[in-house]
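Visitor: I would like to learn how to read a model like this one, feature by feature. Where do we start?

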Amino acid sequence: MQAESLPQHLGDASSQGLVLSPEHQAALQVSLELVRRNYKFNRVYLWGKVLGLGGDYFIVQGVDVDELKSRKTLYSFNCMDWKLLPPATDEMIARSMLIKGRFTGDPSHQYKKTVLRANNEDQTDQDTDIKVKEEERLTATIELINREAAIIPRGAFIMTPRGEVHKNRSFEVFWSLQFERGNKLVILRNLLWPGFTFFHVPDTTQFGFIYMGLGEKNMDFPFMI
């Protein structure tokens, strides 16, 4: 959700139990404008929050002129001091998905996982230790949620002749899904990543998504359908 319309959009998502304290909302409204200026972003979005045992990761993403390319991710514990996350790679995602359990809330924490891998040379199996920093796991989890859960309504963006993806100012749509507030709000909840919610105000350009959860995929999802 966009920084400039944060109070309204947080209100749209609050019906699903996704709320931020007034203190965090106030801090975000100030700091996100500073993030936009300091990192020279064209626009900044509140992505959400990953809950940790010792602290919660507040996540924002910044974009340049193109809405889809070169998107950068930052995290904070207090909604004021932000740190840039490294880009996620497929290898990082594969290693991070081997780690199970809650985030500790310490980005320097290092997980250790022993996995069994086949040795193709002598056709034997051997144990291999995999080490993953929590900061890498956080990056990988955010990227995976974006790939598997993020929603962009058809027509919300347009591609310019220069190949850049911009917001479509004439975008309007109407969804017939889960309605709230007397058919004035549409909500979609993701069952694979509990805590991910998409919202849209019909017949307007107002839409967005937010994630607030443990950063763990619902592995029981296949048994729920």
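Visitor: Which helix holds valine 30?

Guide: Valine 30 is found in helix α2, which covers residues 22-38. Helices are DSSP runs of H or I with at least four residues, strands are runs of E with at least two, and both are numbered from the N terminus. The model is predicted, so local features need pLDDT of at least 70 and side-chain atom pairs pLDDT 80 or more, while totals for chains, interfaces and linings use all residues. Residues are numbered from 1 along each chain as its sequence is written, and side-chain values use heavy atoms, without hydrogens and water.

Visitor: Is valine 30 buried, partly exposed or exposed?

Guide: Buried means under 20% relative accessible area, exposed means over 50%, and partly exposed lies in between (1.4 Å probe, protein chains only). With a relative accessible area of 49%, valine 30 is partly exposed.

Visitor: Which residues form a nonpolar patch on the surface?

Guide: A patch takes residues with over 30% relative accessible area and no salt bridge, joining like charges within 9 Å and nonpolar side chains (Val, Leu, Ile, Met, Phe, Trp, Tyr) within 5 Å. Here Val30, Leu34 and Met80 form one, with about 250 Å² of accessible area together (Shrake-Rupley method, 1.4 Å probe; for residues, only the protein chains shown count as cover).

Visitor: Serine 31 also lies in α2. What does serine 31 touch?

Guide: Contact means heavy atoms within 4.5 Å. Leaving out residues up to four places away in sequence, serine 31 touches Cys79, Met80 and Trp82. Serine 31 is buried, at a relative accessible area of 2%. A polar atom of its side chain lies 2.6 Å from the backbone oxygen of cysteine 79.

Visitor: How many salt bridges are there?

Guide: Side chains of opposite charge can pair when their charged atoms come close. A salt bridge is a side-chain nitrogen of Lys or Arg within 4 Å of a carboxyl oxygen of Asp or Glu. The count is eight salt bridges. One of them joins lysine 83 and glutamate 135, at 3.4 Å from N to O. Lysine 83 lies in strand β4 (residues 83-84) and glutamate 135 in helix α4 (residues 134-149), so the pair ties together parts 52 residues apart in sequence. Lysine 83 is partly exposed at 44% relative accessibility, whereas glutamate 135 is buried at 13%.

Visitor: What is the salt-bridge partner of arginine 95?

Guide: Its partner is glutamate 136, at 3.8 Å from N to O. Arginine 95 sits in helix α3 (residues 90-96) and glutamate 136 in helix α4, so named parts of the chain 41 residues apart are linked. At 22% relative accessibility, glutamate 136 counts as partly exposed.

Visitor: And which residue forms a salt bridge with lysine 112?

Guide: Aspartate 129 does, with the closest N and O atoms 3.8 Å apart. Aspartate 129 is in strand β6 (residues 124-133) and lysine 112 in strand β5 (residues 110-119), 17 residues apart. Aspartate 129 is partly exposed at 43%, while lysine 112 is exposed at 57% relative accessibility. Elsewhere, Glu33, Arg36 and Arg37 are linked in a network of salt bridges.

Visitor: Is glutamate 134 buried or exposed?

Guide: Glutamate 134, in helix α4, is buried, with a relative accessible area of 0%. Residues up to four places away aside, glutamate 134 touches several residues, including Phe103, Pro107 and Tyr111. A polar contact is a pair of N or O atoms within 3.5 Å; within protein, one must be able to donate a hydrogen and the other to accept it, and residues adjacent in sequence count only if both atoms are side-chain atoms. The side chains of glutamate 134 and tyrosine 57 make such a contact at 2.6 Å. The backbone nitrogen of aspartate 106 lies 3.1 Å from a polar atom of the side chain of glutamate 134.

Visitor: How many residues of strand β2 are buried?

Guide: In a regular strand the side chains alternate between the two faces of the sheet. Strand β2 (residues 57-63) has seven of its seven residues buried, so it is largely enclosed by the rest of the structure. Tyr57, Ile59, Gln61 and Val63 are buried on one side, and Phe58, Val60 and Gly62 on the other.

Visitor: In which sense do β1 and β2 pair?

Guide: Two strands pair if DSSP finds at least two bridges between them. Strand β1 (residues 43-50) and β2 pair in the antiparallel sense over seven bridges, and a hairpin of six residues joins them. Valine 50 stands opposite tyrosine 57. β2 also runs antiparallel to strand β3 (residues 72-76), with five bridges, and there glycine 62 has lysine 72 as its bridge partner.
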